[in-house]
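Hi everyone, thanks for coming. Let's have the model up on the screen, and then I'll walk you through a few of its features.

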Amino acid sequence: MATLTIARAYQYAYHTYPNYTLAVTGGTLNALGDIVAQISQNILVKDHEPRPGWDPARTLRFFCLGSGMSPLLGRWNLFLERRFPLRAWRIQPISFRALSKRVAADQLIMAPIGLVMFIGSMGVMECRSPRQIHQKYTDIFAPALLTNWKIWPIAQMINFRYMPLPYRIPFQSTCGVFWTLYLSMLNAKEDERQDREAALQATVC
């Protein structure tokens, strides 16, 4: 009953304020993914090493990223819905060819764009220098994109096939909690490496 009420409230909010609804939903689930990542990192710390604790600024950055990206993804899903209809008439079976085109377009166009936006926005929000942001692209982009192509095509095929349009971003963001976990830990490792390099250079100077 409670789930049904939440679903109705979400659907009403989506149809009334689609961009705001997607922004809040995407931002919240993105922040949740980072919280899970930080908890995991604290658990994996060895006994003799200090535990970094929870970094609220890092979680806020992921919330801002999710809030900014989700309305864009909503428009992208609407474009795919219109550009590659799964059936011309209700009585027709689902076109697997159109479904494959949706997934291919999503992975070949939006996935790289999303990663570019993630790396760049994180670098800016972390106040990294242009050189450090460029280094982030060099170190993170290719492995993250290859990992994306191993995971997301199946998830997006399920999403495009079975989820109604208003629920595609929440479904994607829910699956994306684990993806955010991966990106958060990947980005944190890169930050640690850059901070060590900066500290070393400062010591040498």
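**A nonpolar patch and some salt bridges**

Helices here are DSSP runs of H or I, at least four residues long, numbered from the N terminus. Before going on, please keep in mind that this is a predicted model, where local features need pLDDT of at least 70, side-chain atom pairs count only at pLDDT 80 or more, and totals for chains, interfaces and linings use all residues. Residues are numbered from 1 along each chain as its sequence is written, and side-chain values use heavy atoms, with hydrogens and water left out.

So, which residues make the nonpolar patch? They are Leu 72, Leu 108, Ile 109, Ile 113, Met 117, Leu 146 and Trp 149, and the patch covers about 620 Å². Patch residues have over 30% relative accessible area and no salt bridge, with nonpolar side chains (Val, Leu, Ile, Met, Phe, Trp, Tyr) joined within 5 Å; areas come from the Shrake-Rupley method with a 1.4 Å probe, and only the protein chains shown count as cover for residues. Helix 4 gives the most, with 4 residues. Ile 109 lies in that helix, and it counts as partly exposed because its relative accessibility is 41%. The cut-offs are under 20% for buried, over 50% for exposed, and partly exposed in between (1.4 Å probe, protein chains only).

Now to the charges. How many salt bridges does the structure hold? There are 10, each a side-chain nitrogen of Lys or Arg within 4 Å of a carboxyl oxygen of Asp or Glu. Take Arg 128: its salt bridge with Glu 126 has the closest N and O atoms 3.6 Å apart, and both of these residues are buried. Arg 128 also forms a salt bridge with Asp 195, at 2.9 Å between the closest N and O atoms. Asp 195 lies in helix 6 (residues 168-204) and Arg 128 in the loop between helix 4 and helix 5, so this pair ties together parts that are 67 residues apart in sequence.

Arg 193 is partly exposed at 22% relative accessibility, whereas Glu 190 is buried at 6%. Finally, salt bridges that share partners join Glu 126, Arg 128, Lys 136, Asp 191 and Asp 195 into one network. Thanks, everyone!

Conventions
Patches are made of residues with over 30% relative accessible area and no salt bridge: like charges are joined within 9 Å, nonpolar side chains (Val, Leu, Ile, Met, Phe, Trp, Tyr) within 5 Å. Helices (H or I, at least four residues) and strands (E, at least two) are DSSP runs, numbered from the N terminus.
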